[in-house]
Amino acid sequence: MRYNALGLLETYGYTAAVTALDAALKTANVTLKDFKTVGGGLVTMMIEGDVAAVQAAIEAASAVAATVGSVISQHVIPRPDIQLKLLFQEFSPGNQAAPESVEEERVQKETKDSVIHLHGKEMKIMSKKDLYRMKVVDLRKVARGLKDFSMEAQKIKFANKAELVGAILNYLKMEVE
């Protein structure tokens, strides 16, 4: 395992977050894992590295962010579980997570060409997790764009995430748990 700590810092305001991120990256040997604008002015940054480095970077980032804006919360997870790491793992052709089980590997091989279109971009769906990471709004757009989809437009409009994911998996002929 290359990294063994995950640090999170949430600020109010984009400027405070960017300033904090700059301080964190300059303070210690850490890397940026994710940077998200949550909404309502909240911005969350996630960094990873060695435990001591992440703790030092989050402390420095928090101090700098407090001078520019306001810090909502900060936290360091010393040894995140592998499933938590997979939550942040991005699936791209050059950066795919290793399958956790023989079953997931089989599903990945069977659905190598399961491609859906969203916002004019192609997305390769490798597993059920990929669909659950999507927002319900985007799942509805995908469902509406699939030819001969099993749900009617009215049902898609009111379907929840689980119903949409199940129907899309059936359309893609992937296994539903």
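Helix α1 has 14 residues and reaches 20 Å from its first C-alpha to its last, close to the 20 Å expected at 1.5 Å a residue. The expected span here is 1.5 Å times one less than the number of residues.

Before going on, the basis. This is a predicted model, in which local features need pLDDT of at least 70 and side-chain atom pairs count only at pLDDT 80 or more, while totals for chains, interfaces and linings use all residues. Residues are numbered from 1 along each chain as its sequence is written, and side-chain values use heavy atoms, with hydrogens and water left out.

Back to α1. Its buried residues are A16, A17, A20, L21, A23 and A24. Buried means under 20% relative accessible area, exposed over 50%, and partly exposed in between, with a 1.4 Å probe and protein chains only. What covers them includes β1 (5–12), β2, β3 (42–49) and α2 (51–68). Contact, as used in this talk, means heavy atoms within 4.5 Å. On the face of α1 turned away from the buried side are the exposed residues T15 and K26.

How many salt bridges does a search of the whole structure find? The search finds 2. The criterion is a side-chain nitrogen of Lys or Arg within 4 Å of a carboxyl oxygen of Asp or Glu. In one, K26 meets D22 at 3.1 Å, N to O. K26 and D22 are 4 residues apart in helix α1, which means a separation of about one helical turn. An α-helix has 3.6 residues a turn, so residues three or four places apart point the same way. K26 is exposed, at 66% relative accessibility, whereas D22 is partly exposed, at 38%. In another salt bridge, D34 pairs with K36, with the closest N and O atoms 3.7 Å apart. K36 counts as partly exposed because its relative accessibility is 43%.

Next, the rings. The whole structure holds 2 aromatic pairs. Rings of Phe, Tyr and Trp (its six-membered ring) pair if their centres lie within 6.5 Å; planes under 30 degrees apart count as stacked, over 60 as edge-to-face, and the rest as tilted. Y14 and F35 are edge-to-face, at 5.7 Å centre to centre and 85° between the planes. This pair links distant parts of the chain, with Y14 in helix α1 (residues 14–27) and F35 in strand β2 (residues 30–39), 21 residues apart. F35 is partly exposed, at 22% relative accessibility.

The rings of F149 and Y171 have centres 5.9 Å apart and planes at 55°, so this pair is tilted. F149 lies in the loop between α6 (136–145) and α7 (153–158), and Y171 in helix α8 (residues 161–171), 22 residues apart. F149 is buried at 12% relative accessible area, while Y171 is partly exposed at 30%.

Finally, the chain as a whole. Its secondary structure comes to 8 helices and 6 strands, running β-α-β-β-α-β-α-α-β-β-α-α-α-α from the N terminus. Of the 177 residues, 37% are buried. Among contacts between residues at least 6 apart in sequence, 57% join residues at least 24 apart.

How values were computed:
Helices (H or I, at least four residues) and strands (E, at least two) are DSSP runs, numbered from the N terminus.
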